[in-house]
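Let's take a friendly walk through a few local features of this model, from helix packing to some backbone details.

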Amino acid sequence: MKKLDLYLIKKFAGPFVAVLFIVIFTLSMQFLWRYISELVGKGLGIGVILEFLGWAACTLIPNAVPLATLLASIMTLGGLGERNELLAMKAAGVSLQRIITPLAIISILISIGAFFAADRLVPVAYNKVYTLRADILRTRDEIKIPTRIFYDGIDGYILRVEDRDDRTGMMYNLIVYDHTSNSGNNNMTAADSGRIEITPDKQNLIFTLYSGCTYSETNRMSYRDTTLDLSRLRFDEQQLIIPLDNYQFSRSETDNYGDEIRTLGLKRLNHDRDSLSCQLDSLAKRQFPRFQSSTGMAYLYQLDTLRLESDYRGNFNIDSLKATLTPSQREQAARMAKEKALTGEEQVKHLSRETNRYVDLIRSIDIEAILKFTLSLSCLLFFFVGAPLGAIIRKGGLGTPVVISIFFYLIYYIIDIIGRKLARGGTLTPWEGTLISTLILLPIGILLTRKSTQDSSLFNPDSYKEFFRSIGKWIVKRYHRFINLFRKGGGRIRIVYMGTPEFAVAPLEKILQAGYEVAAVVTAVDKPSGRGLTMNESAVKQYAVAHGIPVLQPEKLKDSAFLEQLAALKANLFVVVAFRMLPKEVWQMPALGTFNLHASLLPQYRGAAPINWAIIRGEKFTGVTTFLLDEQIDTGKILFQESCAIESYENAGDLHDKLMKMGADLVLKTVDALENHRTKPYEQSLDFQRKLYPAPKLTRDNCHIDWNRSAHSIHLLVRGLSPYPAAWTTIVKEDGTPVSAKIYDSYVVKCEADDPRPSGHISTDGKSWLEVRCGKDALRILSLQIAGKKRMDIADFLRGFRNPETCRFE
């Protein structure tokens with residue numbers, strides 16, 4: 001055995017034994033509470049009570065062992081997962097199947113032991129419990145005479161005590177009625193005081209009375225003499241010796257419940273079942289001839305056309321008897337036939353009662369025999385439910401594992417009880433009734449085992465929250481669609497989408513994929529570009545045409561013809577992404593409003609280039625915002641916002657692509673919320689602790705590099721303008737010739753404090769690197785583009801540009 005196997009077995013054995021004793025103790029206390037009224041007040045010794053509870057605890061093994069196996073397996077695997085030991089084993093190449101193999105072997109051994117316990121120990125325990133309980137019930141309660149009421153707890157006597165001294169045991173003002181002769185109240189003793197003692201063997205009660213009088217009557221009358229004799233006897237002290245029966249616990253010499261079904265082992269159950277089956281068969285054989293003779297069906301063979309010896313081949317006309325009988329004979333025949341039918345009915349009912357008695361016993365024996373096997377199966381099944389559960393939830397201890405264990409066990413136990421009752425009632429067969437709980441839990445065990453091997457997040461609460469949230473959204477969406485039918489601009493939502501660049505394509509694609517109807521797309525007019533002045537279509541137009549969406553390209557948004565076209569679309573929502581500023585006549589047209597997607601966390605970076613300026617100013621976070629349009633630029637009420645980090649390696653192009661995906665999801669979320677009336681627009685807060693920065697349009701001037709600034713700020717400028725429009729500078733050659741260059745990638749290089757190089761000075765090895773002095777540090781350039789050339793790495797630039805160290809950047 002490997003050390004890992006031994007370690008896992010030790011981890012499993014401790015919780016199993018502890019849980020087994022806890023469960024047995026808990027159920028034993030419930031058992032004690034159930035029978036406490038039968039145990040108290042009878043003077044039973046502690047040994048008798050402990051023996052009774054001990055045998056009772058043995059009868060609880062079928063309930064305790066499966067639950068202990070389930071809880072121990074969850075605690076073991078859950079503890080390993082919680083302490084990351086399970087993760088370490090998997091990282092070392094040990095699969096989950098290999099991890100639970102030694103525990104599965106232990107569970108198989110537990111199942112085998114549970115079978116023998118159910119077959120050998122539990123029947124003996126039930127026999128002992130039944131016998132001990134009968135002996136305890138036969139034992140009379142201890143004598144405790146109350147005050148001021150008549151007490152009849154002693155056979156043949158009724159006593160009344162007025163008062164008692166609990167310290168001395170002396171009783172005062174006593175009355176004793178002697179009914180041993182069964183002749184009424186003809187013998188009565190009254191005493192001033194007295195005390196009571198029981199002999200050590202609890203066979204007699206000694207009643208010592210003081211200063212009293214005994215009254216007795218003959219209570220005998222005859223026809224001639226109706227007088228009664230009364231005798232009166234005064235005494236100073238008198239003793240009454242009363243014999244006691246069954247006041248001391250005594251055991252039965254033999255166990256008297258060996259024939260009860262629960263007290264039988266598998267071998268005896270099979271023997272009894274065979275015996276009962278034989279008796280059932282013999283009963284049917286005995287009753288059938290009686291039924292034939294009593295109902296006049298003994299000669300039915302005369303109607304059997306297959307009996308060759310009768311040589312009968314014709315048709316038998318039963319109605320021919322009516323013609324041969326007189327009316328009185330027919331009446332008598334009908335009466336006799338009715339009596340025989342009633343007699344046959346009674347015999348059938350009697351046979352049914354007798355048969356049901358045997359069938360019920362056989363069914364109960366079958367159920368008890370099968371249960372001895374289902375106990376073993378349940379132990380093994382609960383292990384393959386608990387071990388995967390522990391590996392999935394990764395929680396040890398007595399918290400979550402206990403809750404989950406009790407939940408699964410209750411399901412199993414309830415189904416098992418229902419199945420047994422249905423089987424005993426005959427609705428289900430014994431096999432079906434006893435195995436139904438196992439068959440229901442088996443697919444759960446298979447599913448959990450499969451999920452655990454796949455590292456499934458089956459019990460991740462976030463996944464369930466998302467599932468129910470999606471269901472709730474679907475219900476609310478359908479509800480509001482129905483309500484919208486009766487509202488202005490209601491019905492299915494129709495969208496007019498307004499956008500131009502590639503950034504606006506992804507949100508449009510998301511809207512279409514979600515199934516929303518886009519009535520038309522509004523985009524910029526086609527413009528000539530390039531050396532050939534070919535007409536260039538916007539990215540949004542190209543996508544719309546490819547998907548068959550009508551396209552509007554107005555030169556002026558206030559044009560009356562365009563406004564009529566827009567109104568004729570009967571859209572109830574306008575979505576704007578990277579488009580021009582809309583006039584009020586346009587954005588107030590739809591019933592649900594007009595919202596815009598902005599690539600910043602408003603009110604920060606209002607303007608045309610928020611992505612570029614967020615990087616240029618060194619922001620660590622940015623995001624996207626959807627807001628309702630108003631008269632000003634980017635000042636409307638905010639609908640939703642999503643934020644993200646700006647990584648140090650990202651340039652404007654990388655951030656553009658990231659925000660484009662985020663913006664597409666946010667646009668779809670906003671459309672869905674507006675359709676279902678689940679938005680709460682709020683004003684843009686200007687109460688910022690930090691300064692608000694605008695995002696003005698990028699021009700050639702604000703893209704120029706000032707080499708007198710710090711290397712870090714220039715590096716941010718390069719990142720914020722790459723790849724478009726790109727930061728630019730002028731390279732002045734040694735002869736004074738200026739050359740324009742765009743810089744796309746760079747990083748900051750620290751310089752010594754005594755470095756004498758001025759700003760704009762170029763340093764290079766002429767082969768692989770080039771850096772420009774900027775303030776205290778230098779900017780090492782990685783890629784750039786000379787006017788009239790393609791973008792190139794710095795090594796390619798140095799191979800074609802002579803003597804760069806003699807140049808300077810301006």
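Predicted model: local features only at pLDDT ≥ 70, side-chain atom pairs only at ≥ 80, totals over all residues.

## Two helices side by side

Helix 3 (residues 61-82) and helix 8 (residues 327-393) have axes that come within 7 Å and cross at roughly 20°. The pair is therefore roughly parallel, and helix 3 passes helix 8 in a right-handed crossing.

Which residues of helix 3 meet helix 8? On the helix 3 side they are Pro62, Val65, Pro66, Thr69, Leu70, Ser73, Ile74, Leu77 and Gly78. Their partners in helix 8 include Leu375, Cys379, Phe382, Phe383, Gly386 and Gly390. By class, the residues of this contact divide into 15 nonpolar, six polar and no charged. As background to such lists, an α-helix has 3.6 residues a turn, so residues three or four places apart point the same way.

Now turn to helix 12 (residues 505-513) and helix 13 (residues 539-546), whose axes come within 9 Å and cross at roughly 25°. Helix 12 and helix 13 are therefore roughly parallel to each other, and their crossing is right-handed.

In this contact, Val505, Leu508, Glu509 and Leu512 of helix 12 meet Ala539, Val540 and Tyr543 of helix 13. The tally here is six nonpolar, no polar and one charged residues.

## Helix 17 and its ends

How far apart are the end C-alpha atoms of helix 17? Helix 17 covers residues 652-675, which makes 24 residues; at 1.5 Å a residue it should span 34 Å, and its end C-alpha atoms are 33 Å apart, so the two values agree.

Both ends deserve a look. Asn651 caps the N-terminal end of helix 17, with a side-chain oxygen 3.0 Å from the backbone nitrogen of Gly653. After helix 17 comes His677, whose phi is positive, near 60°.

## Backbone details

Most residues other than glycine have a negative phi, and most peptide bonds are trans. Against that background, a few places are worth a visit. Ser211 has a positive phi, near 50°, although it is not a glycine; Ser211 sits in strand 5 (residues 204-217).

Another runs from Tyr724 to Pro725, with omega near 0°. Pro725 belongs to the loop between helix 18 (711-721) and strand 18 (727-732).

Notes
Residues numbered from 1 in each chain as written. Heavy atoms only, no water. Helix = DSSP H or I, 4+ residues; strand = E, 2+ residues; numbered from the N terminus. Expected span 1.5 Å × (residues − 1). Polar contact = N/O pair within 3.5 Å; in protein donor to acceptor, adjacent residues only side chain to side chain. Axes fitted to C-alpha atoms, helices over the stretch in contact; angles between N-to-C directions. Parallel < 35°, antiparallel > 145°, perpendicular 65-115°, else oblique. Left-handed = near helix turned anticlockwise from the far one by under 90°. Contact = heavy atoms within 4.5 Å. Nonpolar A, V, L, I, M, F, W, Y, C, P; charged D, E, K, R; others polar.
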